[in-house]
Amino acid sequence: MAQHSFSEHHTKTLPANLGAPAFVDVWRTRALIIGLIFSVLAVILGFLSGDHWNHFLRAWLHGFMICFGFCCGGLCVLMLQYLTGGKWGLIIRRPLEAMTRTLPLVFLYFLPVGIIGMSFGKLYSWRQYADWATALKNHQISNELAHAIHFKHAILNPYGFWGTSLFVFAVCALYIYFLNHYSMKRDADPEPNVKFWQTRFENISGFGVLFYSIMLFIVAIYWVMSLDPTWYSTVYGFQYLVGQAYAVLALSILTLMALSKADPIKTTFRVTEQHDMGKLCFAFVMLNMYLAFAAFLIIWSGNSPEEIPWYLDRIRGNWGVIATLDVIFHWLIPFTLLLSSDLKRVKSRLAVVCCIMIFARYWDMFWLIEPNFPDARRNLHFSWGILEYGAVPVALISFWMAYYFTQLKQRPLVATNDPHLAEILEPEHAHA
């Protein structure tokens, strides 16, 4: 691809090769090796656990939700960037597009959840005890659970689960195709009409963000919230929406800082944009904190016997340690560190914060999923099955990362026909 130059004095020029550097192949190889190692470990733990592979499937759901968050959360952040504009969007666009193109693998991850977990009733009690009257008569379930399964049957049924899930994957695939397709068409446009492309992406993204926000709320109910049919929350989906952006931004910043060791990102990724994305991370840390604490405070102060048990299941029986560490990892550490303006300008320090944020998302998902099951709620204890939460999700995430790195290699890392490119290539001031 030819170099682009601009008339501004001392303005940098793009390198001739805008593809990902060769060391991305090394990242992919390492991710595959880690995935294979943890896959073997997960299988060994599955045989040792002696619980009919139940924990293996729960851990699989854990890994799937994180990978789905990276992929479709990346789609949501990409559309949000097109709607808001800004220089940071030019830098982050290609990593976000690469995340979205991992959807085929994420869909394969979903199939065991839908086929084994739901269709065979291995995860969802509302499916396992679809004949709730007989189960109640045989004292297999409580009156509360029987009432919830009966009352929510119009939503919690196989047709709703599969229909909604497949619809969401199909529409997300459609948006991913068009956003990636038009992104390359804009780069290939010899005389780019800035207003035309801006309007096209805004038109696609405007309804897309609204659709994804609504549908994420619904699939979060089906995939995770319905693990405990007695629980309900009007803010549950929004917590997942913000949590996905929280993790996606952290992964995007890590990717860009690692790629900045070589061109073309070395030329385009300035401290100014790094600082801006650090501030955006800080905003999502605060929003995530606000939603989670507000939900807890409202339910705890209301002291409703229908809502309080969900939290009691997650703070009693040694779960209080997990909850406390979740607060520390998820909010206290990132919030405290990102208060520093200097930290957001130093790659090594910001990288540590981003790693903590991704680990916090992993930890939080464990806290959300595992206490839904009768053998674990208010009863956190060591078992081989519990260790599968450290093996299965890591294996799934590692294979997803390998596919993500493959997608990074497929396209140029810099969008050339973007109105912000000239500004990105300008020399930055000492204090941006």
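The axes of helix 1 (residues 23-49) and helix 10 (residues 236-259) come within 11 Å and cross at roughly 130°, where axes are lines fitted to C-alpha atoms, for helices over the stretch in contact, and angles run from 0 to 180 degrees between N-to-C directions. Helix 1 is therefore oblique to helix 10; angles under 35 degrees count as roughly parallel, over 145 as roughly antiparallel, 65 to 115 as roughly perpendicular and the rest as oblique. F23, V24 and W27 of helix 1 meet T255, A258 and L259 of helix 10, contact meaning heavy atoms within 4.5 Å.

The model is predicted: local features need pLDDT of at least 70, side-chain atom pairs count only at pLDDT 80 or more, and totals for chains, interfaces and linings use all residues. Residues are numbered from 1 along each chain as its sequence is written, and side-chain values use heavy atoms, with hydrogens and water left out. Helices (H or I, at least four residues) are DSSP runs, numbered from the N terminus.

Helix 10 has 24 residues and reaches 35 Å from its first C-alpha to its last, close to the expected 34 Å; the expected span is 1.5 Å times one less than the number of residues. Of these 24 residues, 21 are buried, so helix 10 is largely enclosed by the rest of the structure. Buried means under 20% relative accessible area, exposed over 50%, and partly exposed in between (1.4 Å probe, protein chains only).

L291 lies in helix 12 (residues 271-302) and is buried, with a relative accessible area of 14%. Leaving aside residues up to four places away in sequence, L291 touches V235, F238, Q239 and V242. The C-alpha atoms of L291 and V235 are separated by 7.5 Å, although the two residues are 56 apart along the chain.

Helix 2 (residues 54-84) and helix 9 (residues 194-223) pack at about 155° with their axes 8 Å apart, and are therefore roughly antiparallel to each other. Helix 2 passes helix 9 in a left-handed crossing. Residues in this contact include L61, F64 and F68 of helix 2 and F201, Y212 and W223 of helix 9.

In helix 16 (residues 384-408), the end C-alpha atoms are 36 Å apart, which agrees with the 36 Å that its 25 residues should span. Because 18 of the 25 residues are buried, helix 16 is largely enclosed by the rest of the structure. At its start, a side-chain oxygen of S383 reaches to within 3.1 Å of the backbone nitrogen of I386.

How values were computed: Helices (H or I, at least four residues) and strands (E, at least two) are DSSP runs, numbered from the N terminus. A polar contact is a pair of N or O atoms within 3.5 Å; within protein, one must be able to donate a hydrogen and the other to accept it, and residues adjacent in sequence count only if both atoms are side-chain atoms. A crossing is left-handed if the near helix is turned anticlockwise from the far one by less than a right angle, and right-handed if clockwise.
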